Amino acid sequence: MKFRHTAKSSHIAPGSTSAQDIHTGRRKALRAGAAAALAAPALLLGRRAWSQPRKLTFAWNQNSFCLTPIVAAQERGFFEKNGLQVDLINYSGSTDQLLESIATGKADAAVGMIHRWLKPLEAGFDVKIIGSSHGGCVRLLGAKAAGVSTLASLKGKTIGVSDLAAPGKHFFQILLSKHGIDADRDVTWRQYPADLLGVAVDKGEIQAIADGDPNLYLLEKRTNGAYVELATNLTGEYARKVCCVIGARGELVRNDRAAASALARSIVQATDFVNENPNEAAKIFAKYSPKISPEDLRKLYATLTYTHHPTGVDLRDEIAFFADDFRRIGVLKKTTDPQKLAQHVYANVLG
C-alpha cells in the first residue's frame, strides 16, 4: 500500500518555528515511531502483512497430550492471527525420519523432545530449533513390591523402557550419574512395548519404568499405589529446563524468516492459552485422545511447565546445557563443543 503526503503551504509568522523545522520534527517523530515498533517484543507482534495466508505443513504426534498447544493454535486461530494457514500432519515415525522429512521439505516444521533431537542435529540435519513450548514429559517410577523407592535403591535393578534410544533413558542415565549411580554398570536397561511395561513389572522382569505420560499416569491409576515416582525430567536443576522444542527446515528459516517467526510465535501464544485455560484445552485435545478423559488431561497439564518456553539467549543456553549432558554420557561426540552446537542449531527468529 502506498501512502501519499501532501504538504499544504501556511504562513509562518516572524519568530515562529520554520517550515523546515516542522518537517524535520515530523521526520524525527516518524523515525522514532518506526524504531519503537521494531523494538516491540516479537511475541506481541500481530498478523504479518502477507497478501494471502502463508501455507505451512507442521508435523506432530497426536498421541502426545503435552502437544495440546499445537491443536489449540489450530482450533483457536493462533496460526491464522499470525498470518498462517497450517496443515497438521500426524507423524509417529522415528525422530531421524521426522527430521529428515523436515530437512528435505516434506514438512516445514515440527515439534519434538530436545532429548531426541540433539544427536541427529549434531549429525548435520538441516533443521533449526526456532522456539520451545514447555518442560516435563518423562518420569521414572519404582515398583514398591521390588523395594525400589529411591534412586539409590535402583542399584542392581532393571529399568524398563519403550525404546533404548528414548528420551527417558538418555535423561535418566544423566540424572543417575549425577546421583553417583553408573547407568551402564549399576543398572540394566531392557526394552518392552510401552503397553507391556506394567506386565513386565508384574512378572518381576523389571523393577522400574522410565517412560512418558499418559502411559505412566494410566498405569498408576490402574494399579492404585503400586508405584512411587523416583524422578522426572523436572527434578532438581532441571526444574526450569525445556523439553519440547519447535524445529523448522533450514531453508525456511534462511529464506522466509517472517514465516518461521510467525510459527514460533503462534505456538508460544497457544502454550500460554493452554496454561491459562486448561479446561477448554482439555476439551480441544480430548477428541485426539479417546483413552484419556478431559479430567485426566487437566491433571496431566498441571505436571508440565507451560509457563516455561524460553527464547533467545535463554533457549540457546538450555540447548548447550543439554548438549553438555549428552556429551558426558556418550550420546554426543566427546569432541562436540556444546556452545558451538547450540549456536549452530538454534535460530533466534523471535529476536
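**Figure 1. C137 in the loop between β4 (127–134) and β5.** Helices (H or I, at least four residues) and strands (E, at least two) are DSSP runs, numbered from the N terminus. The model is predicted: local features need pLDDT of at least 70, side-chain atom pairs count only at pLDDT 80 or more, and totals for chains, interfaces and linings use all residues. Residues are numbered from 1 along each chain as its sequence is written, and side-chain values use heavy atoms, with hydrogens and water left out. C137 has phi near 100°, a positive value in a residue other than glycine. With a relative accessible area of 12%, C137 is buried (under 20% relative accessible area; exposed is over 50%, partly exposed in between; 1.4 Å probe, protein chains only).

**Figure 2. Pairing of β8 with β5 and β6.** Two strands pair if DSSP finds at least two bridges between them. Strand β5 (residues 138–143) runs antiparallel to β8 and is joined to β8 by five bridges; V138 has G212 as its bridge partner in β8. Strand β6 (residues 158–161) runs parallel to β8, with two bridges joining them, and I159 stands opposite A208.

**Figure 3. Backbone at P214 and N224.** P214 is placed in the loop between β8 and α8. The peptide bond from D213 to P214 is cis, with omega near 10°. N224 lies in the loop between α8 and β9 (227–232). Phi of N224 is near 50°, a positive value in a residue other than glycine, and at 69% relative accessibility N224 counts as exposed.

**Figure 4. The largest cavity, of about 40 Å³.** A cavity is a set of points on a 1 Å grid over the protein atoms alone where a 1.4 Å probe fits but cannot get out; lining residues have an atom within 4 Å of a point. Points are joined across faces, edges and corners, and the volume is the space filled by probe spheres set on them. The count is one cavity of 30 Å³ or more. The lining consists of A194, D195, L197, G198, N215, L219 and R222. Helices α7 (197–202) and α8 (215–223) each supply at least two lining residues, and α8 gives the largest share, three residues. The lining divides into three nonpolar, two polar and two charged residues.

Note on methods
On a 1 Å grid over the protein atoms alone, a cavity is a set of points where a 1.4 Å probe fits but cannot get out, and a pocket is an open set with protein on both sides within 12 Å along at least five of seven lines; lining residues have an atom within 4 Å of a point. Ala, Val, Leu, Ile, Met, Phe, Trp, Tyr, Cys and Pro count as nonpolar, Asp, Glu, Lys and Arg as charged, and the others, Gly among them, as polar.
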